[in-house]
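Welcome to my notebook. Have a look at the chain below, and then follow along with what I looked up.

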Amino acid sequence: MSRGTVWSVSPSSRKSRRAILSADDSMAPASLPPAGGVRLLVLYASQTGNAMDAAERVGREAERGGCPAVDVLPMDRFDPRCLPSERFVVFVVSTTGQGDPPDSMKGFWRYLLQKNLGAVWLEGVHYAVFGLGDSGYQKYNFAAKKLDARLKSLGAEPIVEKGLGDDQHPSGYEGTLDPWLLSLWRSLNETNPSLVPRISDIMHPNLNILGDAKVQVMYYSSDEVPLGSKTSDPRKLIESTRSMSPALQFHDDGEPHYMLQMVKNQRLTKEDSDRDVRHFELEDPSSAISYKTGDVLEVLPSQDPSAVDAFIERCNLDPDCYITIRPKNGDKVSKGAVANSLIDRIKLKTFVALTMDVASASPRRYFFEVMSFFATAEHEKEKLQYFASPEGRDDLYQYNQKEGRTVLEVLEDFPSVQMPFEWLVQLTPPLKKRAFSISSSPLAHPDQIHLTVSIVSWRTPFKRTRRGLCSTWLAGINPSEENLIPCWVQQGSMPTPRPSVPLVLIGPGTGCAPFRAFVQERAAQTASEPTAPVLFFFGCRNQDNDFLYKDFWLCHAQDQGVLSLKKGGGLFVAFSRDQTQKVYVQHKIKEQSARVWNLLCSDASVFIAGSSTKMPADVTAALEEVICQEGGFTKAEASKWLKELERARKFNIETWS
């Protein structure tokens, strides 16, 4: 069931409200401005929750400034045909993958791209765009930039210049959001004072007033829960629990596609290496697995039970009681949600374990602001108010995000704070699924899914060791013991290549994962039909320590293998630390420029996967150099060549940070 949220402010209530709407509602109630009045409409498109947090902050500040009506909506809950009826719209959008808009923006964006929308379609609409991105990616904030340009071309007038939040900023995206919001409110106050009449209340908020939480938690003893509502099916339990979480209401997960069992957990790097990369093999003991080469596997990790218990104890909660969670203040709820609330009463401990990331994710800034209202120790209250203020932003970023401070750790650092569970449900970061490129082909392994996973760990500025929740949990699973992993198979960003298409694959480090699947698939196809050549460029630090799947690649590079020179292919490996001068995959690409150019001229598809830092840009530059050198093109012409390949879906990049 798909859900959407409306967060509205009216002059009579001065309180925010949420309404959960069913997917068959053709128009959200807040999709039309109030009769005879002007509102500020905030539309957001979020993939991980950051854009939603930023949008809700815009809504809170507008309310604080006396805005007569505010609606905060996910973009897929607003009818784009109504956009010309609006007067003031703020867009908050994140960028995913390789410059792609989030899922909730795709339908809205397709509508805006219609050619029949003229240059005056949005005349009279005043808008502002704030983007959330990571400058480590090539197409930094691409969704926000494209949206801003399209709105202008349709006749809308910008209130302020677009803001581009950057995860790489010393203070994260808030380093840009804070000054951008100040400019937004000042501009709105100057051009339309009635929209934000109390701008001083935004600049100098009263931290003694806290509204209500947006959710209501109802508690039940075990005796009050009908036997029929207690499910033992783990898939159904996960679906019903996560569908109750307000923080996950836009993630239409449904029940896990599979509960997979790990049958192999193999370390690929040397034991004494500082990098731990694992090969996992997963099976479904009860049914077949359906997936395609290039797909990704989403995994819902398990939290450490001791951390869940510590959180429940710290918050003085009853782990054995049952709960239901609903929107507060009589907001509309879809029929399906009402039906679920009558059936699905979830044990509180189960809800925390499956939906609230209490021991790996860092809380948002608003979490500290709300905490300050419940601090009974004066020094704690002052510290929390400072953290929530613009002046304390950088110190909060150092204490919280840079140190990877968790919700549990923050609560333990402020022992006088006793936050009601309603606020914890609303503000604790949701437990998110993690996505991994599948490193096996269904033609080679029809009953298994393989993953290639780097076990994440790092040292904070204060020398504290932090570990990735999902990768650490997977690494700790013993295949000889009973285990079940909740999984969803999703279509990846890389199209599955046809056997007749030559391939140029560039995948250093764990970027080799999808290409292991590609090579397996091409090898299986070779047995029954002609296949085109494959060039594979791999990179790692040392041949002895982290040459992932070394025997696999070398086997396919010999004799008549998929990567053999006899078949027109090739395996080229860069060991960056095995010589005085560092050598990376881009150097190997330039060394093999004739081979690369030959495949490009044979209508090859190019695939790049791996780290999102400098690698994609360096590899792209190397490919441009090959095109210039071998084809006699200018740099501009080479760049255009690659852009045309990209438009044809023959130049694909899948990266991660």
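Before anything else I wrote down my burial scale: buried means under 20% relative accessible area, exposed over 50%, and partly exposed in between, with a 1.4 Å probe and protein chains only. I am working with a predicted model, where local features need pLDDT of at least 70, side-chain atom pairs count only at pLDDT 80 or more, and totals for chains, interfaces and linings use all residues. Residues are numbered from 1 along each chain as its sequence is written, and side-chain values use heavy atoms, with hydrogens and water left out.

**Entry: two positive phi angles**

I began with Asp 559, which has a positive phi of about 50° although it is not a glycine. At 56% relative accessibility, Asp 559 counts as exposed. I found Asp 559 in the loop between α18 and β22 (570-575); helices (H or I, at least four residues) and strands (E, at least two) are DSSP runs, numbered from the N terminus.

Then I turned to Tyr 549, whose phi is near 55°, again positive in a residue other than glycine. Tyr 549 sits in the loop between α17 (543-546) and α18 (550-556). Is Tyr 549 buried or exposed? With a relative accessible area of 9%, Tyr 549 is buried.

**Entry: the sheet**

Next I traced an open sheet of six strands, in the order β15-β12-β19-β10-β11-β16, with antiparallel pairing. Two strands pair if DSSP finds at least two bridges between them. β15 (434-437) and β16 (448-454) stand at the edges with a single partner strand each, so one side of each has no neighbour in the sheet. From one strand to the next, the twist averages 40°; for such angles, axes are lines fitted to C-alpha atoms, for helices over the stretch in contact, and angles run from 0 to 180 degrees between N-to-C directions.

In β11, Phe 280 is the bridge partner of Asn 265, and Leu 282 is that of Met 262.

**Entry: the cores**

Which residues of the largest nonpolar core touch the most other members? Of its 41 residues, they are Phe 311, Phe 367, Met 419 and Phe 421. A nonpolar core is a set of buried Ala, Val, Leu, Ile, Met, Phe, Trp, Tyr and Cys residues joined through side-chain atoms within 4.5 Å. Not counting residues up to four places away in sequence, Phe 367 touches several residues, including Val 407, Leu 411 and Met 419; contact means heavy atoms within 4.5 Å. A second, separate core has 31 residues, among them Leu 40, Leu 132, Leu 195 and Ile 199.

**Entry: Leu 177**

I found Leu 177 in helix α4 (residues 174-191), buried at a relative accessible area of 1%. Leaving aside neighbours within four places in sequence, Leu 177 is in contact with Ala 54, Arg 57 and Phe 130.

**Entry: cysteines**

How many disulfides does a search of the whole structure find? It finds zero, a disulfide being a pair of cysteine sulfur atoms within 2.5 Å. For Cys 67, the nearest cysteine sulfur, in Cys 82, is 19 Å away, and Cys 67 is buried at 0% relative accessibility. The sulfur of Cys 540 is 9.4 Å from the closest cysteine sulfur, in Cys 512, which is too far for a bond.
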